[in-house]
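Me: I am new to this structure and would like to know what stands behind the words used for it. Please take them one by one.

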Amino acid sequence: MSKTINCFVCDGKGKDYLISDLDPVEGYKMATKQVCLFCEGKGYFYTIDWQYEVSRWFYDIKRDKLKKEKEKAEEKRKKKREAEQMALRKLTLEEITLLGLEKKYKEMKDA
Ligand SMILES: [Zn+2]
């Protein structure tokens, strides 16, 4: 009998979220579980199986890509926040009130 190894993606359950459903901010909040694409619902691989090797490789690439996207999104948020703060510092309190930016101003002062 062949030795098997638990699917590392769905943890042997045969069902998992699609990586494409993963939102960098919300996570899997709105996603539903699907038949695991990597083990095709079996929940395991044969250790000698090419399917395991390909899945492992594919999964690592997807995970790295997702990580990069997350970092990019975070960087963008940071830059936007900095630009907002720089703009706010140039305004007078009267102008801030007039433009309805009190909440943003308060967030900046609290940070
Ligand atoms: Zn699986």
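Reply: Start with helix H1, which is hardly covered: among its 40 residues, the count of buried ones is 1. Keep in mind that this is a predicted model.

Me: How do you know that the span of helix H1 agrees with its number of residues?
Reply: Helix H1 covers residues 50-89, and at 1.5 Å a residue its 40 residues should span 58 Å. The C-alpha atoms at its ends are 59 Å apart, which agrees.

Me: What elements does the chain have, and in which order do they run from the N terminus?
Reply: There are 3 helices and 4 strands. The order from the N terminus on is β-β-β-β-α-α-α.

Me: Why is the chain called more spread out than a compact globule?
Reply: For 111 residues the globule rule gives 13 Å, and the radius of gyration of the chain is 23 Å. The value is well over the rule, so the chain is more spread out than a compact globule. Along the principal axes, the C-alpha atoms fill a box of roughly 80 × 20 × 20 Å.

Me: What share of the chain is buried?
Reply: Buried residues make up 8% of the 111 residues.

Me: What makes Phe45 count as buried?
Reply: The cut-off is 20 or more other C-beta atoms within 10 Å. Phe45 has 23, so it is buried. Its place is in strand S4. Leaving out residues up to four places away in sequence, Phe45 touches Thr4, Ile5, Cys7, Cys39, Gln51 and Tyr52. Gln34 is 11 residues from Phe45 in sequence, and the two are 18 Å apart in space, C-alpha to C-alpha.

Me: Which residues make up the largest nonpolar core?
Reply: The core has 7 residues in all: Cys7, Val9, Cys10, Cys36, Phe38, Cys39 and Phe45. In soluble globular proteins, nonpolar side chains tend to be buried together.

Me: Why is Val35 called partly exposed?
Reply: A residue is exposed with 12 or fewer C-beta neighbours and buried with 20 or more. Val35 has 13 other C-beta atoms within 10 Å, so it is partly exposed. Val35 sits in strand S3, residues 34-35. Beyond four places in sequence, Val35 touches Gly14, Lys15, Glu40 and Gly41. Asp16 is 19 residues from Val35 along the chain, and their C-alpha atoms are separated by 6.3 Å.

Me: Is Asp11 buried or exposed, and what decides it?
Reply: Asp11 has 12 other C-beta atoms within 10 Å. Exposed means 12 or fewer, so Asp11 is exposed. Asp11 lies in the loop between strand S1 (4-6) and strand S2 (15-16). Its phi is near 60 degrees, a positive value in a residue other than glycine.

Me: What makes Glu40 count as partly exposed?
Reply: Glu40 has 13 C-beta neighbours inside 10 Å, so it counts as partly exposed. Glu40 is in the loop between S3 and S4. The phi of Glu40 is near 55 degrees, again a positive value in a residue other than glycine.

Me: How many of the contacts with a separation of 6 or more join residues 24 or more positions apart?
Reply: Such pairs account for 51% of those contacts in the chain.

Me: Where is confidence lowest and where is it highest?
Reply: The lowest mean, 85, belongs to strand S4 (residues 44-46), and the highest, 93, to helix H2 (residues 93-98). The chain averages a pLDDT of 86, and 98% of the residues score at least 70.

Terms used: Residues are numbered from 1 along each chain as its sequence is written. A nonpolar core is a set of buried Ala, Val, Leu, Ile, Met, Phe, Trp, Tyr and Cys residues joined through C-beta atoms within 7 Å. Helices (H or I, at least four residues) and strands (E, at least two) are DSSP runs, numbered from the N terminus. Two residues are in contact if their C-beta atoms, placed from the backbone, lie within 7 Å. The expected span of a helix is 1.5 Å times one less than its number of residues. pLDDT is the predictor's confidence in each residue, from 0 to 100. The radius of gyration is taken over C-alpha atoms; the globule rule is 2.2 Å times the number of residues to the power 0.38.
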